[in-house]
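Reader: Please explain the aromatic residues and the nonpolar core of this structure, with the criterion behind each term.

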Amino acid sequence: MSKKVQLENNEKEGVFYIEENDDVLGKMIFRHTAANQITIDHTEVTDDETGKGLGEEMVTEAVNFARKEGITIVPSCPFVAHVFDKTPDFKDVL
């Protein structure tokens, strides 16, 4: 079941997150590291949701955000780097 990824963002940092019934099931934290760049530092998903694809959904949303905003992503989080490595379609935002 796909849950909606939400975004909180300001000029310095932001977070993509998935919430259900007021519980945060997963979040992916990023920083604005240049005028046209974000660096994703950390991804976490609750133990109950691990392996259900929530992390990939958040990375996909970050890629869509980067494309819409015309920015690039630095995947410093090992999980995000892994998703980029296995998803050639995302290379355009690196």
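Author: Ring pairs join Phe-16, Phe-30 and Phe-65 into a cluster. This is a predicted model, in which local features need pLDDT of at least 70 and side-chain atom pairs pLDDT 80 or more, whereas totals for chains, interfaces and linings use all residues. Residues are numbered from 1 along each chain as its sequence is written, and side-chain values use heavy atoms, without hydrogens and water.

Reader: Why is the pair of Phe-16 and Phe-30 called tilted?

Author: Rings of Phe, Tyr and Trp (its six-membered ring) pair if their centres lie within 6.5 Å; planes under 30 degrees apart are stacked, over 60 edge-to-face and the rest tilted. For Phe-16 and Phe-30 the values are 5.3 Å and 35°, so the pair is tilted.

Reader: What makes Phe-84 and Phe-90 edge-to-face?

Author: Their ring centres are 5.8 Å apart and their planes stand at 65°, so this pair is edge-to-face.

Reader: How do you know whether Phe-16 is buried or exposed?

Author: Buried means under 20% relative accessible area, exposed over 50% and partly exposed in between (1.4 Å probe, protein chains only). Phe-16 has 1%, so Phe-16 is buried. Phe-30, also at 1%, counts as buried.

Reader: What makes a set of residues a nonpolar core?

Author: The term denotes buried Ala, Val, Leu, Ile, Met, Phe, Trp, Tyr and Cys residues joined through side-chain atoms within 4.5 Å. The largest such core has 23 residues, of which Met-28, Ile-40, Val-59, Ile-73 and Phe-84 touch the most other members.
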